[in-house]
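I set out to record what I looked up in this structure, entry by entry. I begin with the chain as a whole and then turn to its parts.

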Amino acid sequence: MEKRQVEEEELALLHPDKVILDFDNDTKEILAEIEPKFVPLLKKHQIDGVKFLFNSLVESVDLVENESKDKSAHSHGGILAHCMGLGKTFQVVAFIQSVLT
């Protein structure tokens, strides 16, 4: 298991009410999380979808902050596809709300 993944799981244990999208490796400060009002409404596969969108489109808060300095650093995008009725629209709304706040 990757070191960052282990640290993310440890942080999740410390903050069971939060779904963490990004954190500072040194201070363990949470930099991005799913909007708390959405967390109890999201199912497991939807949380995974929001994390996928974040990792595919944003990658990390550090990368976004440094993107204006280094134009070559950018995300590659992604496609969120699944069967009808599994909450893709809700995942996108939760992702956008989480990134904007």
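**Entry 1: the whole chain**

I looked up the contacts (heavy atoms within 4.5 Å) in the protein chain: among those with a separation of 6 or more, 46% are between residues 24 or more positions apart. The model is a predicted one, in which local features need pLDDT of at least 70 and side-chain atom pairs count only at pLDDT 80 or more, while totals for chains, interfaces and linings use all residues. Residues are numbered from 1 along each chain as its sequence is written, and side-chain values use heavy atoms, with hydrogens and water left out.

I found four helices and two strands in the protein chain; these are DSSP runs, H or I of at least four residues for helices and E of at least two for strands, numbered from the N terminus. Their order from the N terminus is α-β-β-α-α-α. Of the 101 residues, 30% are buried (under 20% relative accessible area; exposed is over 50%, and partly exposed lies in between, with a 1.4 Å probe and protein chains only).

**Entry 2: helix α2 and its partner**

Two packed helices are described by the angle between their axes and the distance between the axes. I noted that helix α2 (residues 44-58) packs against helix α4 (residues 88-100) at an angle of about 50°, and the axes are 9 Å apart. This angle makes α2 oblique to α4, as angles under 35 degrees count as roughly parallel, over 145 as roughly antiparallel, 65 to 115 as roughly perpendicular and the rest as oblique.

Which residues in α2 meet α4? On the α2 side I listed H45, Q46, G49, V50, L53, F54, L57 and V58, and on the α4 side F90, Q91, V92, A94, F95 and V99. By class, this contact has ten nonpolar, four polar and no charged residues.

The buried residues of α2 are Q46, I47, G49, V50, L53, F54, S56 and V58. Just after α2, E59 takes a positive phi of about 70°.

**Entry 3: two loops**

I located P36 in the loop between β2 (30-33) and α2. P36 is partly exposed, as its relative accessible area is 45%. From C-alpha to C-alpha, P36 and V19 are 8.0 Å apart in space, and in sequence they are 17 residues apart.

K28 lies in the loop between β1 (20-23) and β2. Its phi is near 65°, a positive value in a residue other than glycine. K28 is partly exposed, with a relative accessible area of 31%.

Note on methods
Axes fitted to C-alpha atoms, helices over the stretch in contact; angles between N-to-C directions. Nonpolar A, V, L, I, M, F, W, Y, C, P; charged D, E, K, R; others polar.
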